[in-house]
Amino acid sequence: MIIKRTIDMTRQSDDVIVKTLSRLLIPFIQIYALYVIAHGHYSPGGGFQGGVILGASFILLVITFGLDNALRRMTERLNTILCSLGVFIFAGIGLLCIILGGNYLDYGALDKIFHVGIAQARSLGILGIETGVGIAVMAVMTSIFLDISTGGLPSTKERNQSD
Amino acid sequence: MIWQLDLIFCIFVIICAIAAITIKDLLAAVIILGAYSFFMCLLWTEMGAVDVAFTEASVGAGVGTVLFIAAVSKTKRRSKD
């Protein structure tokens, strides 16, 4: 006997406990993710881990409040833009270092525009890189989850449901 | 570096790995794989690689489990072999 039991992960949850708890939890998860990204220099964590946690908060939003509500807050178009923006920030800071006379990702060269000393410029450069990595990882994780759970066409599914 | 803790976590990791590949219910296998990830995370932490442990906890146990459950929800829950 084959147990035919499909779970639609993108449907809005009916449980009031799940919805209230995730409404309480999502802001704290996002604050924690931003903390992990911002303290990536001198503590465990960094852009990748913070980005994954930020993406997990959005996945929790999709699971509990449904695809329609989640896509209203962050559309697929914005998701794609964020994917490219993260890579652009990473490569842009690296190329800026070449333009200012250093090597690729040599943050010490950023001192010429910030005027804060070479050590502080390196710290700021790492923060910028990790912000870019975090944005890209968050968007890619969300995109992978949406693609798997909707069969590859999140916006089409949204359109069919609203009809 | 406590070798007793290392040994206990290693045994749990091996038990979880064997259970995950032998069980028939795919949803249960995914959850056991999450437990495997958490034990692996504890093992990394115990060995002093906190950054790797953080990645294992967030990617392996957090997002990876959710992605596997999404894949199971799109296919069948029982495996044939």
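You're looking at a predicted model, where local features need pLDDT of at least 70, side-chain atom pairs count only at pLDDT 80 or more, and totals for chains, interfaces and linings use all residues. Residues are numbered from 1 along each chain as its sequence is written, while chains are lettered from A and ligands numbered from 1 in the order in which they are written. For the complex, the predictor gives an ipTM of 0.85 and a pTM of 0.87.

**Stop 1: chain B**

Switch to cartoon view. How many helices does chain B have? There are three, with zero strands. The C-alpha atoms of chain B fill a box of roughly 45 × 20 × 10 Å along the principal axes. Of its 81 residues, 23% are buried, meaning 20 or more other C-beta atoms, placed from the backbone, lie within 10 Å of the residue's own.

**Stop 2: where the chains meet**

Bring chain A back. The contact takes 16 residues from chain B and 21 from chain A, where two residues are in contact if their C-beta atoms, placed from the backbone, lie within 7 Å. Chain B's side has eight nonpolar, four polar and four charged residues. (Nonpolar is Ala, Val, Leu, Ile, Met, Phe, Trp, Tyr, Cys and Pro; charged is Asp, Glu, Lys and Arg; the others, Gly among them, are polar.)

**Stop 3: the largest core**

Select Val52(A), Ile59(A), Val62(A), Val137(A) and Phe145(A). Of the 39 residues in the largest nonpolar core, these touch the most other members. (Such a core is a set of buried Ala, Val, Leu, Ile, Met, Phe, Trp, Tyr and Cys residues joined through C-beta atoms within 7 Å.) Helices α1 (16–38), α2, α3 (76–99) and α5 of chain A, together with α3 (50–74) of chain B, each supply at least two residues of this core. Its largest share, 13 residues, comes from α2(A).

Next, click Val137(A). Which residues does Val137(A) touch, not counting those up to four places away in sequence? They're Gly47(A), Phe48(A), Gly51(A), Val52(A) and Gly55(A).

Methods: Helices (H or I, at least four residues) and strands (E, at least two) are DSSP runs, numbered from the N terminus. A residue is buried if 20 or more other C-beta atoms lie within 10 Å of its own, exposed if 12 or fewer, and partly exposed in between; C-beta atoms are placed from the backbone.
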